[in-house]
Amino acid sequence: MQQSGLGAALLFAVVTLTAAGSYDYKDVLQKSLLFYEAQRSGKLPSDQKVTWRHDSALHDKGNNGEDLTGGYYDAGDYVKFGFPMAFTTTVLAWGLLDHHAGYQSANSVQECLKAIKWATDYFIKCHVSEYEYYGQVGSGNVDHAHWGRPEDMTEARPAYKITASKPGSDLAAETAAAFAAASLVFRSSNSTYANVLLKHAQQMYEFGYKYRGLFSDSITDSKCCYTSTHYEDELVWGAAWLYRATGDKTYLTYVDVLWDSFKNMYGFDWDQKFGGATVLLAKLTGETKYKTAITNYCDYVYEKGTRTSKGLIFIYDWGPLRYAINIAYVCLQAADLGIKTASYRAEAKKQMDYALGDAGRSYVIGFGNNPPTHAHHRAASCPDKPATCDWTTYHGSQPNAHVLYGGLVGGPNKTDQFTDVRTDWRHTEVGCDYNACFQSMLAHFVQLGY
Ligand SMILES: *[C@@H]1O[C@H](CO)[C@@H](O)[C@H](O)[C@H]1NC(C)=O
Ligand SMILES: *[C@@H]1O[C@H](CO)[C@@H](O)[C@H](O)[C@H]1NC(C)=O
């Protein structure tokens, strides 16, 4: 009697909890894909759904006149930073590969393929020769001195590359990972394209492995925004993806060589690849070493990591939601391998639901309860032409002129507080990398039937 009463009470509690944090993940997934459309640079296709955006940066060129149009604007600005763009692409491809059924159920397979191809077509243009890769177009400081529409840009857009004498092992290996992961997602629909991507993946990996250095020491303009700390983690992550795409065990020997310098580089974000690389190697090889490493990492963050009082994992005050969701995503991948499945899945849902509304408001533009309306985003803030758009627009109290659907903003501060103003870029800016694990996690939730 008592036992079944308790059982019923527990069941009731579980049902209630599920209902409290129940969001339409398919809807958010579709909106996240719209966010990537809004970030497109270059000539927009006729099926573009975000119609307040138009063609822009049509003259982006390399030092020898190479066409470098296309790709994504990084965040609320118009620089095309190759390093976070490659990380974003790898993670989007990872999600489509592993949660294809989730994308299918949200009718979003084609849209996700387009989002990935928008980046990989650009990366192909940037890879101008075997050991020459353009890793940035637009200068951080020059770009950030202007506020306006991308369609109206008149400032110089310098292009910066890594070469054998100015290497960037991190950038080259992350781009190799993106190419390799994308080759896997295109394999069934277009094997010609998949083979092109794989060839670039192999070349870029070799470039990164052979010529060692941090890309931000070679492309110093990136230091405004993306100073890389190590390259060993990208070399491991890239090798794992190349192994997945080719089955060539040589790549695992690279991992072995790099393991000791890599194994304590906790984190998963545009700079840190430990979490993703470790769980991917655990999946591909089944080896205890990798399983133990990812378990220790997830347990450390979940049990000992700093949290806000409402439960958000809090790593850093600049874009805190993406760090929490990135970690939750790699631990969700670990859950699929049978590692603490129930608790890692519950924790992933908790971090996601925090962003979607559980902490009292939505942090996703155009979704849910009281979403942000003043995201730090130049294009969305600008009214349609011929209205002026400049720093006065930026400093005004009016909401953004356009709804940047699906953009995940930086998020709250350590005390769960958030002020929806454009000037607080640490908390109200969006970024291509912010939405990457976020979107892959949504696809996973849809696949799991959440
Ligand atoms: C497949 O990819 C190749 C190489 O990018 C391209 O030329 C071709 O048009 C694609 N085919 C289809 C059916 O999309
Ligand atoms: C958090 O944000 C609120 C409101 O924006 C602010 O008043 C408070 O000082 C911030 N706290 C921390 C720890 O940053």
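In this predicted model, a polar side-chain atom of N413 lies 2.3 Å from an oxygen atom of ligand 2. On the side chain of T419, an N or O atom is 2.7 Å from an oxygen atom of ligand 2. Taken by itself, ligand 2 has 360 Å² of accessible area, and the protein covers 42% of that area. The residues around ligand 2 are N413 and T419, together with T415 and Q417, and by class this shell holds four polar residues, no nonpolar residues and no charged residues.

The largest pocket contains about 540 Å³ of space, and 28 residues line it, with C224, C225, W318, W425 and E429 lying nearest its centre. The elements that contribute two or more residues to the lining of this pocket are helix 14, which spans residues 320-336, and helix 17, which spans residues 391-395.

The structure also holds one cavity of 30 Å³ or more, and the space in the largest cavity comes to about 50 Å³. Its lining is made by L33, Y36, E37, R40, Y72, E111, K114 and A115, and the elements that give two or more residues to this lining are helix 2 (25-38) and helix 5 (109-126). The table sets out the classes of residue for the two linings and for the shell of the ligand.

| Site | Nonpolar | Polar | Charged |
|---|---|---|---|
| Lining of the largest pocket | 15 nonpolar residues | five polar residues | eight charged residues |

Turning to the strands, an open sheet is formed by three strands in the order 1-2-3, with antiparallel pairing. Strand 1 (80-81) and strand 3 (159-163) are the edge strands, each of them pairing on one side only. Strands of a sheet pair through backbone hydrogen bonds, and the pairing may be parallel or antiparallel. Strand 1 and strand 2, the latter made of residues 132-137, run antiparallel and are joined by two bridges; on the side of strand 2, Q136 is the bridge partner of F81.

Most peptide bonds are trans, and most residues other than glycine have a negative phi. The bond between K385 and P386, however, is a cis peptide bond, with an omega of about 10 degrees, and P386 belongs to the loop between helix 16 (378-381) and helix 17. Helix 17 is also one of the elements that give two or more residues to the lining of the largest pocket. The other point is K340, which is not a glycine and yet has a positive phi of about 40 degrees. K340 is found in the loop between helix 14 and helix 15, the latter covering residues 341-358, and helix 14 too is among the elements that give two or more residues to the lining of the largest pocket.

Key:
Residues numbered from 1 in each chain as written. Chains lettered and ligands numbered in written order. Predicted model: local features only at pLDDT ≥ 70, side-chain atom pairs only at ≥ 80, totals over all residues. Heavy atoms only, no water. Near = heavy atom within 4 Å. Polar contact = N/O pair within 3.5 Å; in protein donor to acceptor, adjacent residues only side chain to side chain. Areas by Shrake-Rupley, 256 points an atom, 1.4 Å probe, with all protein chains shown as cover. Nonpolar A, V, L, I, M, F, W, Y, C, P; charged D, E, K, R; others polar. 1 Å grid on protein atoms, 1.4 Å probe; cavity = no way out; pocket = protein on both sides within 12 Å on 5 of 7 lines; lining within 4 Å. Points joined across faces, edges and corners; volume = space filled by probe spheres on them. Helix = DSSP H or I, 4+ residues; strand = E, 2+ residues; numbered from the N terminus. Pairing = 2+ DSSP bridges.
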